[in-house]
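Subject: Structure handover and notes

Dear colleague,

I am passing a structure on to you, together with my notes on it. Please have it open while you read.

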Amino acid sequence: MSLHIKRVYDEPAKSDGTRILVDRLWPRGLSKENAHVDLWLKDVAPSDELRKWFGHEPARWPEFRARYRAEIKKNPAQIALLRQAIGKGPATLVYGAKDEQHNQAVVLYEFLTRNGLPNAAD
């Protein structure tokens, strides 16, 4: 299964497959038409409390990852929807953050790849 991560502001490509927005808030200054988002799973994103606490500060990254993984594990319904979408073919987790190394899509990608991606036949 092909799973990628990409900023929602980057140019969409056919190789993206299903583009899944994993932000709680819609990206600033981007219309839904220009985002080319196929699925918006805002409830799989970090809680407002965690998102605000993190504030994309790299020094908080290790603690953010741990807290967000705990939230993910308590949200099986949203993870099931995400796995279902990924199981249909190539997919890309898209996010709005400027920091490409410290964001929720990275944590979700790690979680999904470490816990086994679904097969396209599922």
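Predicted model: local features only at pLDDT ≥ 70, side-chain atom pairs only at ≥ 80, totals over all residues.

Residues are numbered from 1 along each chain as its sequence is written, and side-chain values use heavy atoms, with hydrogens and water left out.

I begin with the nonpolar cores, each being a set of buried Ala, Val, Leu, Ile, Met, Phe, Trp, Tyr and Cys residues joined through side-chain atoms within 4.5 Å; buried means under 20% relative accessible area, exposed over 50%, and partly exposed in between, with a 1.4 Å probe and protein chains only. The largest such core has 25 residues, and those with the most contacts inside it are Ile20, Leu82, Leu93 and Leu108. Two or more residues each are given to this core by α2 (48-54), α3 (61-73), α4 (76-86), β4 (91-95) and α5 (104-114), and the largest share, six residues, comes from α5. Helices (H or I, at least four residues) and strands (E, at least two) are DSSP runs, numbered from the N terminus. Leaving aside residues up to four places away in sequence, Leu108 touches Val22, Val44, Tyr68, Ile72, Ile79, Leu82 and Leu93, where contact means heavy atoms within 4.5 Å. A second, separate core of five residues includes Val8, Leu21, Leu30 and Val94.

Within α3, Trp61, Phe64, Arg65, Tyr68 and Ile72 are buried, and they cover an arc of only 100 degrees around the axis, which puts them on the same side of α3. That arc is taken from the directions from the helix axis to the C-beta atoms. The buried residues of α3 pack against α2, α4 and α5, whereas on the other side of the helix Pro62 and Lys73 are exposed.

Turning to the aromatic rings, a search of the whole structure finds five aromatic pairs. Rings of Phe, Tyr and Trp (its six-membered ring) pair if their centres lie within 6.5 Å, and planes under 30 degrees apart count as stacked, over 60 as edge-to-face and the rest as tilted. Trp26 and Trp40 have ring centres 5.1 Å apart and planes at 70 degrees, so their pair is edge-to-face. This pair links distant parts of the chain, with Trp26 in the loop between β2 (18-21) and α1 (32-35) and Trp40 in strand β3 (residues 39-40), 14 residues apart. Trp61 and Phe64 form a stacked pair, 5.8 Å centre to centre with 25 degrees between the planes, and Phe54, Trp61, Phe64 and Tyr68 form one aromatic cluster.

Two arginines lie over the face of Trp53, Arg60 at 5.1 Å from the ring centre and Arg67 at 4.1 Å; the criterion is NZ of Lys or CZ of Arg within 6 Å of the ring centre and within 35 degrees of the ring normal.

Finally, His36, in the loop between α1 and β3, has a positive phi of about 55 degrees although it is not a glycine. His56, in the loop between α2 and α3, likewise has a positive phi, near 55 degrees.

With best wishes
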